[in-house]
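Hello,

Here is the structure for you to look over. My notes follow below it.

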Amino acid sequence: MRITEMHITPIALGDPPLLNAAGLHAPFALRTVVELVADNGLTGLAEVPGSAAVDAVLADSRNVVIGADPMNWHALKAALGAYFKPESSTARGDAPWDQRKVVQVYSALDVACLDLAGKALGVPVATLLGGICRERVPYAAYLFYKYEGAGGDLAFGMDPLATGWAAARQKAALDPDGIVEQARAMVAEFGFQSIKLKGGVFVPDEEVAAMKALQKAFGPGVPLRYDPNAVWKTETAIRAGRQLEGVLEYFEDPARGQEAMAEVRRAVKLPLATNMCTTSFDDLPGAVQHGSEDIILTDHHYWGGLHSSMELAAFCKSFSRGVSMHSNNHAGISMAAMTHLGAAMPNLTYALDTHYPWQWEEIIIGGRLPIESGCVTLPKGPGLGVELDRPALARAHQNYLRCGLKERNDEPEMQKKVPGWKFQATRW
Ligand code: GKR
Ligand code: MG
């Protein structure tokens with residue numbers, strides 16, 4: 001099998017005004033859909049976070065990809081490694097999400113090649129990753145402080161006819177009561193068993209109060225995670241962490257960098273998780289040296305694909321770390337890829353993050369993948385088990401052209417609400 005065509009389609013999906021340490025989500029979340037067409041007529045799919053800069057690197061990779069054998073990832077990866085300059089782990093940047101580009105190209109190509117290989121062999125991607133450990137993959141509720149509104153074309157209003165989670169998704173949540181209400185609606189709709197709050201938005205004491213309110217509402221046994229995205233000083237993280245002992249399942253990126261994380265870890269009786277201080281293979285020696293975390297949140301978009309995420313899972317096993325998964329806003333191709341990875345990782349010890357409930361549009365045939373009792377069932381069929389809904393993809397591409405966004409940048413969105421607001425890498 002040889003790759004003959006590579007199609008790159010940027011899309012935009014409606015996204016509510018969610019708050020985080022870097023500002024406010026825009027009314028549209030960007031993604032890019034990659035299709036690899038092979039000489040036997042099969043098509044492999046992948047999806048990565050959207051940005052014109054990543055799309056340009058993807059387009060450049062055509063020079064290596066066309067003619068390559070999708071069943072030989074090692075050869076294609078080596079050819080890409082020779083073509084692109086290495087990207088240092090510091091290129092990740094300070095934002096909550098990863099700013100690297102080439103690693104996302106590796107991810108898109110690895111996933112699309114696995115989809116092609118699975119389709120050619122008639123087996124699921126999880127089988128190609130070593131086998132299916134679980135058919136039902138657990139995800140966590142992902143709560144956000146938010147302003148009123150649903151995003152996309154509903155950005156400036158509420159749908160008065162919405163009920164249940166669709167109504168709750170539009171409501172503002174700016175204090176502990178609002179967060180508990182959001183959690184109740186999300187858990188009622190999707191049956192999640194673990195709950196995460198995205199923090200780093202309000203002063204630490206207010207957010208600690210929200211976590212305590214969640215524990216009171218859901219009971220002491222419910223696994224709670226909290227993630228201020230490293231905008232705290234080490235002493236703030238230690239003070240807040242001590243207040244959260246006995247409340248959290250894990251404390252995600254309370255401080256910035258491996259050394260600060262290690263200091264917090266020594267001072268607080270809570271497992272620490274990260275998708276910010278240990279985010280690439282270059283970071284692993286430092287993680288071991290410093291002891292910066294107990295759990296690494298993989299994300300195949302930023303670790304270079306599904307094969308690489310399996311390598312990370314093996315590292316986590318050898319070095320006694322738990323493994324969970326980070327997420328940004330995404331559509332169904334990513335959800336399928338995340339679920340295959342979750343199905344294939346033997347040492348998956350935590351429910352995975354997903355932003356999926358925040359979107360309502362979809363680009364795959366059959367619409368949104370169901371989340372039931374907090375789990376997504378491995379899609380049926382070979383490869384990823386999902387196919388593009390071409391009219392829906394065309395609509396999402398039109399949204400991209402219409403919205404005018406070319407990259408994710410939450411700071412200017414926040415400035416529309418709070419003039420002069422600036423992202424600070426260390427805020428409290
Ligand atoms: O979507 O606002 C967001 C999150 O803050 C996201 O960008 C982070 O990368 O979910 C992420 C995290 O766990 O840090
Ligand atoms: Mg995080």
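In what order do the seven strands of the open sheet run, and is their pairing parallel or antiparallel? The order is β7-β8-β9-β10-β11-β12-β13, and the pairing is parallel. Please keep in mind that this is a predicted model.

**The seven-stranded sheet**

The edges are β7 (141-144) and β13 (322-325), each of which pairs on one side only. From one strand to the next, the twist averages 25°. β7 runs parallel to β8 (residues 195-198), and four bridges join the two. Within that pair, Tyr 142 faces Lys 196 of β8. Helix α7 (residues 204-218) packs on this sheet. α7 touches β7, β8 and β9 (224-227), and its direction makes about 165° with that of β9.

**The magnesium ion**

Look next at ligand 2, a magnesium ion. Asp 227 belongs to strand β9 and Glu 252 to strand β10 (residues 250-252), so the pair ties together parts that are 25 residues apart in sequence.

**The three-stranded sheet**

There is also an open sheet of three strands, in the order β1-β4-β5, with antiparallel pairing. β1 (3-14) and β5 (43-49) are the edge strands; each has a single partner, so one side of each is left without a neighbour in the sheet. Here the twist averages 20° from one strand to the next. Eleven bridges pair β1 with β4 (residues 28-38) in the antiparallel sense. Ile 8 stands opposite Val 34 of β4.

Two helices deserve a look here. α3 (residues 102-121) lies across β1, β4 and β5, and runs at about 155° to β5. α13 (residues 390-403) packs on the sheet and touches β1 and β4. The direction of α13 makes about 65° with that of β1.

**A helix pair**

Last, α1 and α2. Helix α1 (residues 52-65) packs against helix α2 (residues 73-83) at an angle of about 120°, and their axes are 10 Å apart. That angle makes α1 oblique to α2. The crossing is right-handed. On the α1 side, the contact is made by Asp 60, Ser 61, Asn 63, Val 64 and Val 65. On the α2 side, Leu 76, Ala 79, Leu 80 and Tyr 83 make it. By class, the contact has six nonpolar, two polar and one charged residues.

Best wishes

Conventions:
Residues numbered from 1 in each chain as written. Chains lettered and ligands numbered in written order. Predicted model: local features only at pLDDT ≥ 70, side-chain atom pairs only at ≥ 80, totals over all residues. Heavy atoms only, no water. Axes fitted to C-alpha atoms, helices over the stretch in contact; angles between N-to-C directions. Parallel < 35°, antiparallel > 145°, perpendicular 65-115°, else oblique. Left-handed = near helix turned anticlockwise from the far one by under 90°. Contact = heavy atoms within 4.5 Å. Nonpolar A, V, L, I, M, F, W, Y, C, P; charged D, E, K, R; others polar. Pairing = 2+ DSSP bridges. Donors = N, O, S within 2.8 Å, 3.2 Å for Na, K, Ca; no water.
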